[in-house]
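User: Please examine the model shown below and answer a series of questions about its geometry.

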Amino acid sequence: MKTHNLRTHTSDENLAREDQLAWAIAEVAADEVEVTDDVTEMVINRVIDNAAVAAASVTRAPVAAARGQALTHPVSVGGDGSTVFGREQTRRVSPEWAAWANGVAVRELDYHDTFLSAEYSHPGDNIPALVAVGQHVGSTGRDLVRGIATGYEVQIDLVKAISLHKHKIDHVAHLGPSAAAGLGTMLHLDRDVIFQAIGQALHTTTATRQSRKGQISTWKAHAPAFAGKMAIEAVDRAMRGQTSPEPIWEGEDGVIAWLLDGPDAAYEVPLPERGEAKRAILDSYTKEHSAEYQAQAWIDLARKLHTEHPELLADGAIARVVIHTSHHTHFVIGSGANDPQKYDPTASRETLDHSIPYIFTVALQDGEWHHVRSYTPERAGRPDTVELWKRVTTEEDPEWTRRYHSLDPTEKAFGGRVEITLTDGRTITDEIAVADAHPLGARPFARANYIEKFRTLAEPVVEQSEIERFLEVAQRLPELEPHELAGLTFTVEPGVLASVPATKGLF
């Protein structure tokens, strides 16, 4: 890996294009290096993972609304169009709208892959835009794999170096550039075109983190889909010769100077050398449970405590629960956020999946976590749950914060230590570093787990023959011919979508 030194430059410094981060990323995207076998296998896993969580969310209101919008935008000229999750393969729409609808379906349940470092990310958000464009223009499966590998590489490298949340900027500001870079790789675009697309994508996808604060709205699922849609449109404009603001990160009125750490800031962004394989996807990890990633390990620990300490389940047995954890977990999804909504039994699903007090309480009481049952209003409002929930707080522990930010994968951790004080005065303590499904966890996810996740989430809405067809196509991804990319979708059973209330808008 090489290090790109990033800082703000005044206009009279006239920073050369070749010294800009957008150019360095474009060089990575334009590099025709082959994808290694292990990366290819993980790309297949994540394509299956995305489809799994999309199937689980296909009837939910935000997904139905986005799908409804997409279906009003028929195939644009210049290609065959793109498929929409849930609908038949022959029903094609314009690629940017397919990316929009499928991106919302993938993100709605907060249930796909993650990478956490200086910033947070769901790098699987790159996939809907790449699949949609690949279907439209007739890319091969091999080129789609190459594009996905680039999208993951760029987003994860940016996440390792540049914190957005510290300045209340939403993490999709790293997704717009990564999706544009991935599209550049898949389409074999010139470096200059990719450079312009990256700049435009970044410029149009910066927004505040209010979408993840307080009473969290349905926009949380739409934000990454919007970034993917903008990336597609940026690539289209760049291919037509249109240029972007530059230097987009480094300019004196640019992203660093006014949205991030300011004119005196400096960052070191790791990027692959020319000819070096793009392997960052192997640093990411998926979710076994439908909740914020920092909650994954806590769900596993709560399930363990449920089994090992049945005395905790007696009415009134627990006086208080203190979760000692990282800065992020405490201040974003813990009591340190000072969001009263995180203790509100009438809060939205999007809010509850960002409340570690709620999640730990329900997982401890039920010994499980379910993407539907654990979030119902009846479950959230159960009196004994509400009573215990109020007694769960979080505290930052400097050591868990250090491990959270460690660049050493063997000690990087997203868990912490819990202290449960019983009403009889006894104390039960336990800790967990990573989720069971993490590569270093008790039960690391492998291909069989991804397939099982897809089967479990798809079976309520997708016929068995369609499940088998999708899995067969997805696992042949590197060998797919252009006409076969349309198979990277699924059709739901007749009547499933008919039961979803129709939405009406401008289109």
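User: Which residue of β7 is the bridge partner of Val322?

Analyst: This is a predicted model, with residues numbered from 1 along each chain as its sequence is written. Local features need pLDDT of at least 70 and side-chain atom pairs pLDDT 80 or more, totals for chains, interfaces and linings use all residues, and side-chain values use heavy atoms, without hydrogens or water. Strands β5 (residues 318-325) and β7 (residues 416-422) pair in the antiparallel sense over seven bridges, where pairing requires at least two DSSP bridges and elements are DSSP runs numbered from the N terminus (helices H or I, at least four residues; strands E, at least two). In β7, the partner of Val322 is Glu419.

User: What is the average twist from one strand to the next in the sheet?

Analyst: The sheet is open, with four strands in the order β6-β5-β7-β8 and mixed pairing. From one strand to the next, the twist averages 20 degrees.

User: Which strands does helix α11 touch?

Analyst: Helix α11 (residues 296-308) packs on the sheet, and its direction makes about 140 degrees with that of β8. Such angles run from 0 to 180 degrees between N-to-C directions, with axes fitted as lines to C-alpha atoms, for helices over the stretch in contact. With contact taken as heavy atoms within 4.5 Å, the strands touched by α11 are β5, β7 and β8.

User: At what angle to β5 does α14 run?

Analyst: Helix α14 comprises residues 356-366. It lies across β5, β6 and β7, and its angle to β5 is about 120 degrees.

User: How do the residues of the contact of α11 with α14 divide into nonpolar, polar and charged?

Analyst: The two helices pack at an angle of about 30 degrees, with axes 7 Å apart. This makes α11 roughly parallel to α14, since angles under 35 degrees count as roughly parallel, over 145 as roughly antiparallel, 65 to 115 as roughly perpendicular and the rest as oblique. Trp298 and Ile299 are among the contributors from α11, and Phe360 and Asp366 are among those from α14. With Ala, Val, Leu, Ile, Met, Phe, Trp, Tyr, Cys and Pro as nonpolar, Asp, Glu, Lys and Arg as charged, and the others, Gly among them, as polar, the division is nine nonpolar, two polar and two charged.

User: Is Asn14 buried or exposed?

Analyst: Asn14 is found in the loop between β1 (2-7) and α1 (21-30), and its phi is near 50 degrees, positive in a residue other than glycine. Relative accessible area under 20% counts as buried, over 50% as exposed, and in between as partly exposed (1.4 Å probe, protein chains only). At a relative accessible area of 63%, Asn14 is therefore exposed.

User: What is the phi of Gly425?

Analyst: Six bridges join β7 to β8, which run antiparallel, and Ile420 stands opposite Ile428 in β8. These strands form a hairpin with four residues between them. Gly425 lies in the turn, and its phi is positive, at about 95 degrees.
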